[in-house]
Amino acid sequence: MIQHARTAGLRWQLISLLNKTRPHTASEQYLFDVVRLIYPDVSKLELRRELDYLQDRELLTLTKQPIGLWFADLTRHGVDLAEYTIECEAGIARPEKYWES
């Protein structure tokens, strides 16, 4: 249960970070460095696993270079999720929108 909450939280942090970097593409290393401030024990494998998950959900696109570097950009669905204009399905721990209740 704790691991599930961590995974869902990490996914939200990645969406939020990518929204803040728009319109620029974010490197895996940048995402790793920032996420490590929140989750100090995060591994690159864990980060890549969650980036793949978010790409499978069509919330971001990944560019995987042959030399092993990954880069990420939000899709329009990812932007909409980050901006609270669409519902958030299970698996991503997006905080409740409290500022317009």
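This is a predicted model: local features need pLDDT of at least 70, side-chain atom pairs count only at pLDDT 80 or more; totals for chains, interfaces and linings use all residues.
Three strands make an open sheet, in the order β1-β3-β2, and their pairing is antiparallel. The edges are β1, residues 26–27, and β2, residues 60–64; each has a single partner strand, so one side of each is left without a neighbour in the sheet. On one face of the pairing, α3, which covers residues 44–56, packs on the sheet and touches β2 and β3. The direction of α3 makes about 125° with that of β2.Now the pairings one by one. Between β1 and β3, residues 70–74, there are two bridges, in the antiparallel sense. A26 stands opposite A72 of β3. On the other pairing, β2 and β3 are joined by five bridges and also run antiparallel. Here the bridge partner of L62 is A72 in β3. So that you can find it on the screen: A72 is the β3 residue named both opposite A26 and as partner of L62. The hairpin of β2 and β3 has five residues between the strands, and in it G68 takes a positive phi near 100°.

Next, the core. How many residues does the largest nonpolar core have? It has 26, and L14, I15, L31 and L51 are those with the most contacts inside it. At least two residues each come from α1 (2–21), α2 (28–38), α3, β2, β3 and α4 (76–82). The largest share is that of α1, with six residues.

Take I15 as an example. Leaving aside residues up to four places away in sequence, I15 touches L54, L59, L74, G78, L81 and A82.

On to the aromatic residues. The structure holds one aromatic pair. The ring centres of W12 and Y84 are 6.0 Å apart and the planes stand at 70°, so this pair is edge-to-face. W12 sits in helix α1 and Y84 in the segment after α4, 72 residues apart, and the pair thus links distant parts of the chain. Are these two residues buried or exposed? Both W12 and Y84 are buried.

Two charged side chains also lie over rings. R11 is over the face of Y53, at 3.5 Å from the ring centre. K44 is over the face of F32, at 5.2 Å from the ring centre.

Last, the backbone. As background, most residues other than glycine have a negative phi, and most peptide bonds are trans. Where is the cis peptide bond? It joins R22 and P23, with omega about 5°. P23 lies in the loop between α1 and β1.

E58 has phi near 65° and lies in the loop between α3 and β2. The relative accessible area of E58 is 53%, so E58 counts as exposed. Y84, the ring partner of W12, has a phi of about 60°. Its place is the segment after α4. With a relative accessible area of 17%, Y84 counts as buried.

To recap, the model has a three-stranded antiparallel sheet, with α3 packed on it, and a largest nonpolar core of 26 residues. That is all I have.

How values were computed
Residues are numbered from 1 along each chain as its sequence is written. Side-chain values use heavy atoms; hydrogens and water are left out. Two strands pair if DSSP finds at least two bridges between them. Helices (H or I, at least four residues) and strands (E, at least two) are DSSP runs, numbered from the N terminus. Contact means heavy atoms within 4.5 Å. Axes are lines fitted to C-alpha atoms, for helices over the stretch in contact, and angles run from 0 to 180 degrees between N-to-C directions. A nonpolar core is a set of buried Ala, Val, Leu, Ile, Met, Phe, Trp, Tyr and Cys residues joined through side-chain atoms within 4.5 Å. Buried means under 20% relative accessible area, exposed over 50%, partly exposed in between (1.4 Å probe, protein chains only). Rings of Phe, Tyr and Trp (its six-membered ring) pair if their centres lie within 6.5 Å; planes under 30 degrees apart count as stacked, over 60 as edge-to-face and the rest as tilted. A charge sits over a ring if NZ of Lys or CZ of Arg is within 6 Å of the ring centre and within 35 degrees of the ring normal.
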